[in-house]
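User: I have a model open and would like to go through its packing. Could you begin with the core?

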Amino acid sequence: MPGRRTLGFDEAEYRRMIDVFPPRPIRDDSQLRATEKQIAQLLARRERTKAQDEYLDLLSDLVRDWEAEHVEIPAVSGVELVKFLCEQHGIPQRALVSVFGTPSIVSEVLSGRRALQTKHIEGLARLFHVSPSAFFPIGSAAGQGKRQPPAA
């Protein structure tokens, strides 16, 4: 038996997908759009087979590689990140009182009149399930390294 097979993995199905849309390194916007279209079709399925999941992973890796070379993610402040995460999660400002202590502190921090404190950052990281380092500016001791897009 040549190679290892994953239980429940349909090799023929995987090969058909590759025959229909052969995965190649993305070189331009038209290839990017075509790859994203394939990804969207797979993501729209209610359920996917193991072969479809493997193919989706491969296409996603190609898009990630393209974005790493061609897309610059702008640095955002901790406050901008808080606002973004609240919007993405549908969390109103009043829901942050448990993290900041009072409605006035929430308002002051979000308006930029008050800085995020370590205890706020720890609470926000727990609330949004992100690394505390996401709230530190790039280049600070705590935020060294390349900024990752916020986890939504």
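Analyst: The largest nonpolar core has 19 residues, and those with the most contacts inside it are V82, L96, F100, L116, L124, F128 and F135. Such a core is a set of buried Ala, Val, Leu, Ile, Met, Phe, Trp, Tyr and Cys residues joined through side-chain atoms within 4.5 Å; buried means under 20% relative accessible area with a 1.4 Å probe, protein chains only.

User: Which elements give two or more residues to this core?

Analyst: They are α4, α5, α6 and α7, with α4 supplying the largest share, five residues. Helices are DSSP runs of H or I, at least four residues, numbered from the N terminus.

User: What is F100 in contact with, leaving aside neighbours within four places in sequence?

Analyst: F100 then touches I105, V106, V109, L116, H120 and L124, contact being heavy atoms within 4.5 Å.

User: Which residues of α7 are buried?

Analyst: In α7 (residues 118–128), H120, I121, G123, L124, A125 and F128 are buried. They pack against α4 (78–89), α5 (97–100) and α6 (103–111). Just after α7, H129 has a positive phi of about 55°.

User: Changing topic, how many helices does the protein chain have?

Analyst: The protein chain has seven helices and zero strands. Of its 152 residues, 28% count as buried.

User: And the basis for these values?

Analyst: This is a predicted model, in which local features need pLDDT of at least 70, side-chain atom pairs count only at pLDDT 80 or more, and totals for chains, interfaces and linings use all residues. Residues are numbered from 1 along each chain as its sequence is written, and side-chain values use heavy atoms, leaving out hydrogens and water.

Notes. Buried means under 20% relative accessible area, exposed over 50%, partly exposed in between (1.4 Å probe, protein chains only).
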